[in-house]
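The report that follows describes one protein model. Please keep the sequence and the structure at hand while reading.

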Amino acid sequence: MAERETPDLVFLDIKMPGMDGLDALQRIKAANDTMPVVIISGHGTVTTAVEATKAGAFDFIEKPLASERVLLTIRNGLDQTRLRDENKSLKRAAEARQHHFREHRLDGEEQRRRDEQRGGEDQGDGARGQGARGNAGIRQRHVDATRPNAQIRSMIPKEPALDVRGGNSFRKS
């Protein structure tokens with residue numbers, strides 16, 4: 001059944017007609033190694049539990065089944081699946097952002113090279129015909145987000161800023 005459908009969690013008994021639970025576990029794991037499979041047994045031993053765990057069982061529960069234990073196992077198995085899926089999704093998103101920032105950083109480095117070739121003068125933004133501050137007077141900034149402890153660096157010289165701690169005096173940034 002697990003080969004035709006994709007259940008969220010599987011319970012397998014060790015003793016089943018036609019197939020051993022451990023054999024079924026191996027077949028399920030071969031088809032989908034991330035699916036949580038719980039082995040249950042009324043005749044289980046520590047050896048059987050260890051063997052099931054080594055084969056990829058999420059948990060091993062002995063009969064008679066306690067409803068609290070079963071519910072906890074279900075919750076933990078589903079949480080593990082959700083966290084694994086969320087982790088994969090976040091990794092994909094982080095890789096996409098790294099790729100974007102890598103390209104952006106290269107564009108920024110090319111712009112710095114061009115600025116240096118022009119002698120470091122503020123010749124404005126040729127694409128928009130505006131100065132480095134644009135119409136809104138906003139200072140252009142560049143973030144190198146691919147480095148640890150990335151900092152915002154101003155692309156033009158800073159102006160004195162108001163020191164609010166010292167009243168009306170100015171301090172150089």
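## Salt bridges

Four salt bridges are counted in this predicted model, a salt bridge being a side-chain nitrogen of Lys or Arg within 4 Å of a carboxyl oxygen of Asp or Glu. One of them joins the side chains of D13 and K63, with 2.5 Å from N to O. The pair links distant parts of the chain, since D13 belongs to strand β1 and K63 to the loop between β5 and α3, 50 residues apart. D13 counts as buried because its relative accessibility is 17%, whereas K63, at 39%, counts as partly exposed; here buried means under 20% relative accessible area, exposed over 50%, and partly exposed in between, with a 1.4 Å probe and protein chains only.

R69 forms another salt bridge, with D59, and the closest N and O atoms of this pair are 3.0 Å apart. R69 lies in helix α3 and D59 in strand β5, so this contact ties together parts that are 10 residues apart in sequence. R69 is partly exposed, at 35% relative accessibility. In the salt bridge between R82 and D79, the closest N and O atoms are 4.0 Å apart; these two residues are three positions apart in helix α3, and therefore separated by about one helical turn. R82 is partly exposed with a relative accessible area of 44%, and D79 is partly exposed at 30%. Salt bridges that share partners join D79, R82 and E86 into one network.

## Overall architecture

The protein contains three helices and nine strands, where helices (H or I, at least four residues) and strands (E, at least two) are DSSP runs numbered from the N terminus. Read from the N terminus, the elements follow the order β-β-β-α-β-α-β-α-β-β-β-β. Of the 173 residues, 21% count as buried. The protein exposes about 12800 Å², of which carbon and sulfur atoms supply 50%, the areas coming from the Shrake-Rupley method with a 1.4 Å probe, and only the protein chains shown counting as cover for residues.

## The parallel sheet and its helix

Three strands form an open sheet with parallel pairing, in the order β1-β4-β5; two strands pair if DSSP finds at least two bridges between them. The edge strands, each pairing on one side only, are β1 (10-13) and β5 (59-62). β1 and strand β4 (residues 37-41) pair over four bridges, and F11 stands opposite V38 in β4.

Helix α1 (residues 21-31) packs on the sheet and touches β1 and β4, its direction making about 150 degrees with that of β1. Such angles run from 0 to 180 degrees between N-to-C directions, the axes being lines fitted to C-alpha atoms, for helices over the stretch in contact.

## The nonpolar core

The largest nonpolar core has 14 residues, of which L12, L25, V37 and I39 touch the most other members; such a core is a set of buried Ala, Val, Leu, Ile, Met, Phe, Trp, Tyr and Cys residues joined through side-chain atoms within 4.5 Å. Two or more residues of this core come from each of β1, α1, β4 and α2 (46-54), and α1 gives the largest share, four residues. Leaving aside residues up to four places away in sequence, L25 touches L12, V37, I39, A52, A55, G56 and A57, contact meaning heavy atoms within 4.5 Å.

## Basis of the values

Residues are numbered from 1 along each chain as its sequence is written, and side-chain values use heavy atoms, leaving out hydrogens and water. Because the model is predicted, local features need pLDDT of at least 70 and side-chain atom pairs count only at pLDDT 80 or more, while totals for chains, interfaces and linings use all residues.
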